Amino acid sequence: MGLPGIIGAVALPCIFFWTIFRPAAMPAPVVFFLGLLQDLLSFAALGTGVLTLLILHGVTLRLRDFLVRQSFLSAWVVFSAFAAGAGALGWALQAVLGWMLPPAAPGLHQFGIAVGLYPALAWVLARLHTAMRRAETAL
């Protein structure tokens, strides 16, 4: 797992967080662009990252009203489940498009890094979200 895998592991928590707390800042076209960029940087089959991130975005948006009222620990557990699902979907898409079973280790590493990075990224993004909300109310 190199830089491309880390990009995917960072994209998942950011899209999850902003979809819950600022859905207007994370519309589907932006998620599509981020998935396309991830596919291009990781040399993956075009569309695997796009589809994975768009499904994560859609499911998170669908559960937004429930997730926004949950504690950090609950959100982290839900994110972990979503990251596992995204990793499994990405692995399955690579298997279907490549007509062979890809190794599972890169996907498991990406899952572990994404779940491990979520608390630190959520802390930074929560501070940014609070600062943005303060700036909006000051206007």
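# Working through a predicted helical model

R22 lies in the loop between α1 and α2 (28–42). Keep in mind that the whole model is predicted. Have the structure open while you try these exercises.

## Exercise 1: R22 and its partner

**Task.** Decide whether R22 is buried or exposed, then find out which residue forms a salt bridge with R22.

**Solution.** 

- Step 1: Start with the cut-off, which puts buried residues under 20% relative accessible area. R22 comes out at 15%, so R22 counts as buried.
- Step 2: Look at what surrounds R22. Leaving out residues up to four places away in sequence, R22 touches F17, H129, M132, R133 and E136.
- Step 3: Pick out the salt-bridge partner. That's E136, and the closest N and O atoms of the pair are 2.8 Å apart.
- Step 4: Check where the two ends sit. R22 is in the loop between α1 and α2 while E136 is in helix α6, so this pair links distant parts of the chain, 114 residues apart.
- Step 5: Compare how covered the two ends are. R22 is buried, whereas E136 is partly exposed, with a relative accessible area of 45%.

## Exercise 2: The other salt bridge

**Task.** The count comes to two salt bridges. Which residue pairs with R64?

**Solution.** 

- Step 1: Find R64 and look for its partner. R64 forms a salt bridge with D65, with the closest N and O atoms 3.9 Å apart.
- Step 2: Check that this distance qualifies. The cut-off is within 4 Å, so a pair at 3.9 Å makes it.
- Step 3: Classify both ends. R64 is partly exposed at 23% relative accessibility, and D65 is exposed at 53%.

## Exercise 3: A nonpolar patch on the surface

**Task.** Which residues form the nonpolar patch on the surface?

**Solution.** 

- Step 1: The members are L51, I55, V59, L63 and F66, and together they have about 390 Å² of accessible area.
- Step 2: Ask which element gives the most. That's α3, with three residues.
- Step 3: L51 sits in helix α3 and counts as partly exposed at 38% relative accessibility.

## Exercise 4: Along α5 and past its end

**Task.** How many residues does α5 have, and how far does α5 reach?

**Solution.** 

- Step 1: α5 has 27 residues and reaches 38 Å from its first C-alpha to its last. That's close to the 39 Å expected at 1.5 Å a residue.
- Step 2: Look for buried positions in α5. Among them are A75, F79, S80, F82 and G90.
- Step 3: α5 is followed by W99, whose phi is positive, near 55 degrees, although W99 isn't a glycine.
- Step 4: F43 is in the loop between α2 and α3 and is exposed, with a relative accessible area of 76%.

Methods: Residues numbered from 1 in each chain as written. Predicted model: local features only at pLDDT ≥ 70, side-chain atom pairs only at ≥ 80, totals over all residues. Heavy atoms only, no water. Helix = DSSP H or I, 4+ residues; strand = E, 2+ residues; numbered from the N terminus. Buried < 20%, exposed > 50% of the residue type's maximum accessible area, 1.4 Å probe, protein only. Contact = heavy atoms within 4.5 Å. Salt bridge = Lys/Arg side-chain N within 4 Å of Asp/Glu carboxyl O. Patch = residues over 30% accessible without salt bridge, like charges linked within 9 Å, V, L, I, M, F, W, Y side chains within 5 Å. Areas by Shrake-Rupley, 256 points an atom, 1.4 Å probe, with all protein chains shown as cover. Expected span 1.5 Å × (residues − 1).
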